[in-house]
Amino acid sequence: MRRAIEDLRSFYGEPTGALVRRLLAERLEDAWGEAPGCDVLGIGYATPWLDAFVGARRVIAAMPSGQGVEVWPAAGRNRTLLVDDRRLPFPAGSFDRVLLVHALEEADDPAQLLTEAVRALAPAGRIILAAAARGGMWARAESTPFGHGRPFTRGQLERLVRAAGLEPTAWSQTLYVPPWTPLLGLADGFEQIGRRIAPGAAGVILLEATRQAYARIRPSGATLRVRAEAPGLQPQPVTRGPITRNPLSRRLDTDAEPL
């Protein structure tokens with residue numbers, strides 16, 4: 001059962017929620033910047049971060065029916081809708097960027113939700129999954145949204161996206177500070193230290209993925225799996241926005257220090 005929209009809105013209106021919003025926003029800024037010229041879809045409860053995509057052509061927030069929906073943005077035309085997360089009401093290939101936050105952990109069928117998100121993703125689009133980290137303390141803090149539903153490991157997220165026809169291209173982590181009020185003021189220090197000496201202590205994992213191509217037929221009839229034409233380290237948006245290098249990609253499939 002999903003957390004109610006009132007609980008999520010209340011959490012992100014508190015100091016703890018404001019901290020989570022800032023730290024996660026920094027990782028998304030590293031990955032997508034202002035999403036210039038892109039159509040952006042947020043699934044789950046992504047509205048705390050969608051305002052940052054000021055360069056986007058269109059931004060939509062899809063909120064699962066078990067959670068409830070809120071009006072967003074506060075001023076101007078409403079851009080949210082209530083959806084069945086097993087059957088999203090968007091044509092195939094509608095969005096250049098898809099962001100899932102508070103979406104997978106409490107989904108009845110995470111694989112089906114991701115399949116629908118991928119269906120709505122443009123051929124050269126990019127998707128980010130932000131989920132509670134199984135090894136972090138935030139997954140055990142029931143006073144936060146990350147303490148409900150199923151947390152994930154990096155490996156589990158990678159298997160999930162590959163099963164949906166995507167290829168992981170980059171990943172990062174954040175929320176190293178324990179979810180205790182007296183320590184929240186030291187969050188920036190925990191971020192710097194945690195990345196170096198305790199990567200398993202992060203509270204949130206972010207995994208970025210893109211489409212992969214399949215089924216080039218060999219003369220024998222066997223299929224050969226190949227990567228999509230867009231290079232993983234410098235993905236190309238489908239719209240005519242400026243091309244920026246994705247800092248998250250430096251983390252791809254390495255044991256180097258996380259961003």
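**Entry 1: confidence.** I began with the end of the chain: over residues 228-259 the pLDDT stays under 50, and the model has 65 contacts beyond four places in sequence for this stretch. The model is a predicted one, so I noted a caution: where pLDDT is low, the predicted coordinates should not be read in detail. I then looked up the whole chain, where the mean pLDDT is 86 and 82% of the residues reach 70 or more. Residues 214-226 also have a pLDDT below 50, with 19 contacts beyond near neighbours in sequence.

**Entry 2: the chain as a whole.** I looked up the secondary structure and found 6 helices and 9 strands. The chain has 259 residues, and 53% of them count as buried. It exposes about 11,900 Å², of which carbon and sulfur atoms supply 53%. I also checked contacts with a separation of 6 or more: residues 24 or more positions apart account for 66% of them.

**Entry 3: the cores.** Which residues have the most contacts inside the largest nonpolar core? I found Val40, Leu50, Phe53, Leu99 and Phe146, in a core of 37 residues. Elements that each supply at least two residues of this core include α1 (5-12), α3 (47-50), β2 (58-64) and β4 (95-101). The largest share, 7 residues, comes from α2. Another core lies apart from this one; it has 33 residues, among them Ile43, Ala120, Ile205 and Leu207.

I followed up Val40. Leaving aside neighbours within four places in sequence, its contacts include Leu50, Phe53, Ile60 and Phe95, and also Arg58 and Arg97.

**Entry 4: rings.** How many aromatic pairs does a search of the whole structure find? The search gives 6. One of the pairs is Phe11 with Tyr12, which is edge-to-face, at 4.9 Å centre to centre and 85 degrees between the planes. Are these two residues buried or exposed? Phe11 has a relative accessible area of 4%, so I put it down as buried. Tyr12 is buried because its relative accessibility is 8%, below the 20% cut-off.

**Entry 5: helix α4 and its cover.** In α4 (residues 110-119) I found Pro110, Leu113, Leu114, Glu116, Ala117 and Val118 buried. The cover over the buried residues of α4 includes β1 (39-44), β4, β5, α5 (154-163), β6 and β7.

I picked Val161 in helix α5. Val161 counts as buried because its relative accessibility is 0%. Beyond four places in sequence, Val161 is in contact with Leu114, Leu129, Leu166, Pro168, Leu207 and Ala209. The C-alpha atoms of Val161 and Thr115 are 8.7 Å apart, and these residues are 46 apart along the chain.

**Entry 6: a residue of β6.** Thr174 lies in strand β6, which covers residues 166-174. With 1% relative accessibility, Thr174 is therefore buried. Not counting residues up to four places away in sequence, Thr174 touches Leu23, Leu24, Arg27, Glu191, Ala202, Gly203, Val204 and Leu206.

Key. Residues are numbered from 1 along each chain as its sequence is written. This is a predicted model: local features need pLDDT of at least 70, side-chain atom pairs count only at pLDDT 80 or more; totals for chains, interfaces and linings use all residues. Side-chain values use heavy atoms; hydrogens and water are left out. A nonpolar core is a set of buried Ala, Val, Leu, Ile, Met, Phe, Trp, Tyr and Cys residues joined through side-chain atoms within 4.5 Å. Buried means under 20% relative accessible area, exposed over 50%, partly exposed in between (1.4 Å probe, protein chains only). Helices (H or I, at least four residues) and strands (E, at least two) are DSSP runs, numbered from the N terminus. Contact means heavy atoms within 4.5 Å. Rings of Phe, Tyr and Trp (its six-membered ring) pair if their centres lie within 6.5 Å; planes under 30 degrees apart count as stacked, over 60 as edge-to-face and the rest as tilted. pLDDT is the predictor's confidence in each residue, from 0 to 100. Accessible areas come from the Shrake-Rupley method with a 1.4 Å probe; for residues, only the protein chains shown count as cover.
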